[in-house]
There are 6 protein chains.
Amino acid sequence: MPIVHIQMIEGRSVEQKRQLAEAITRALVDIAKTAPEAVNIVIDDYPRTNWAKAGKLMSEQ
Amino acid sequence: MPIVHIQMIEGRSVEQKRQLAEAITRALVDIAKTAPEAVNIVIDDYPRTNWAKAGKLMSEQ
Amino acid sequence: MPIVHIQMIEGRSVEQKRQLAEAITRALVDIAKTAPEAVNIVIDDYPRTNWAKAGKLMSEQ
Amino acid sequence: MPIVHIQMIEGRSVEQKRQLAEAITRALVDIAKTAPEAVNIVIDDYPRTNWAKAGKLMSEQ
Amino acid sequence: MPIVHIQMIEGRSVEQKRQLAEAITRALVDIAKTAPEAVNIVIDDYPRTNWAKAGKLMSEQ
Amino acid sequence: MPIVHIQMIEGRSVEQKRQLAEAITRALVDIAKTAPEAVNIVIDDYPRTNWAKAGKLMSEQ
């Protein structure tokens, strides 16, 4: 049942998302003892104009 | 005041979103006794490369 | 696959949550043509000190 | 450490996002006594077809 | 219409939340030109065992 | 910068959360090439009355 929501700056490839989904699902199965088919992972890619750190947009850093 | 956040795979039409908004708002009004104008619903459409189930991206299933 | 995240002020009963889950899942099945077992709904109940509208906490309104 | 997630209708300019990031980070630093570099703000812009209020999509209001 | 979701480590007082709600709403009204009554802010307080940074729970740092 | 938000049924121990934080951060560092100190993970534990699958609360399944 776990739901994992990942928010990151855009630019990761589909291959990187594929590997992340596999590794994070395996961690939940091994550690949290959930069934693999119960794990949903959703990924939000943000443009640098939509993420700020320390009060500044990433597009300005 | 309720906020409803729906995450789903992209591809639903505006007409389907219109009907979902109407049906879910009605459920909140009837069951949770909220005023209709207090209900906000936001919908996130995800490409199949950004959603994984059972450790595999939806684009690979 | 749809994930529905409901945020509301605390105080709804388990029976109300049961009816909301049923009604919202039915709406997604009927309108968005998803399988019922693919629908996850999570509910966050907030104390009135943790929700603000129009710049004022609900506990002060 | 605070994470601030802002959901709004699309259409705000980068300059408005820049000012929001600055003002909200300052509020967290001044009021919640967090370090500025610990504040992450992410902004989701929604099309009017993906936001409903009072049971109607914003695109129909 | 903006929805602001704040996630932070528990321990802030109601007075701090009151001031945050006021300051963040004012920023949205002044900068994003929204009506104050359209702004919803929800705050999630997390125990230190439920937040990790750099791979370590905050309760261990 | 990645933010990972995990929603699961309550009952996992602090030790399980510690291991999840470590494994998921390592996956993000190795695969998404992020710095470890840029990774924030927040965990929401839900009672079975606040999670529904297939239209039924987990407390009834």
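Select chains E and D together: across their interface there are zero salt bridges, a salt bridge being a side-chain nitrogen of Lys or Arg within 4 Å of a carboxyl oxygen of Asp or Glu. The model is predicted, so local features need pLDDT of at least 70 and side-chain atom pairs count only at pLDDT 80 or more, while totals for chains, interfaces and linings use all residues. Residues are numbered from 1 along each chain as its sequence is written, chains are lettered from A and ligands numbered from 1 in the order in which they are written, and side-chain values use heavy atoms, with hydrogens and water left out.

**The interface of chains E and D**

Seven residue pairs, both members at pLDDT 80 or more, are in polar contact between chain E and chain D (N or O atoms within 3.5 Å; within protein, one able to donate a hydrogen and the other to accept it, and residues adjacent in sequence counting only if both atoms are side-chain atoms). Helices (H or I, at least four residues) and strands (E, at least two) are DSSP runs, numbered from the N terminus.

Show E:Met1, E:Ile3 and E:Ile31, which supply 28% of the area that chain E buries against chain D, more than any other three residues. Buried area is the accessible area (1.4 Å probe) that two parts lose on being put together, summed over both.

**The axis**

Superpose chain E on chain D: a turn of 180° and a shift of 0.0 Å along the axis give an RMSD of 0.0 Å, by least squares on the C-alpha atoms of residues with pLDDT of at least 70 in both. The two copies are thus related as by a two-fold rotation axis. Centre on E:His5, whose C-alpha comes closest to that axis among the residues of chain E, at 2.5 Å.

**Helix α1 of chain B**

Move to chain B and select B:Ile24, which lies in helix α1. B:Ile24 is buried, with a relative accessible area of 0% (buried means under 20%, exposed over 50%, partly exposed in between; 1.4 Å probe, protein chains only). Leaving aside neighbours within four places in sequence, B:Ile24 is in contact with B:Val4, B:Ile6, B:Ile41, C:Ile24 and C:Ala27. Finally, just after α1(B), B:Lys33 takes a positive phi of about 55°.

Conventions
Contact = heavy atoms within 4.5 Å.
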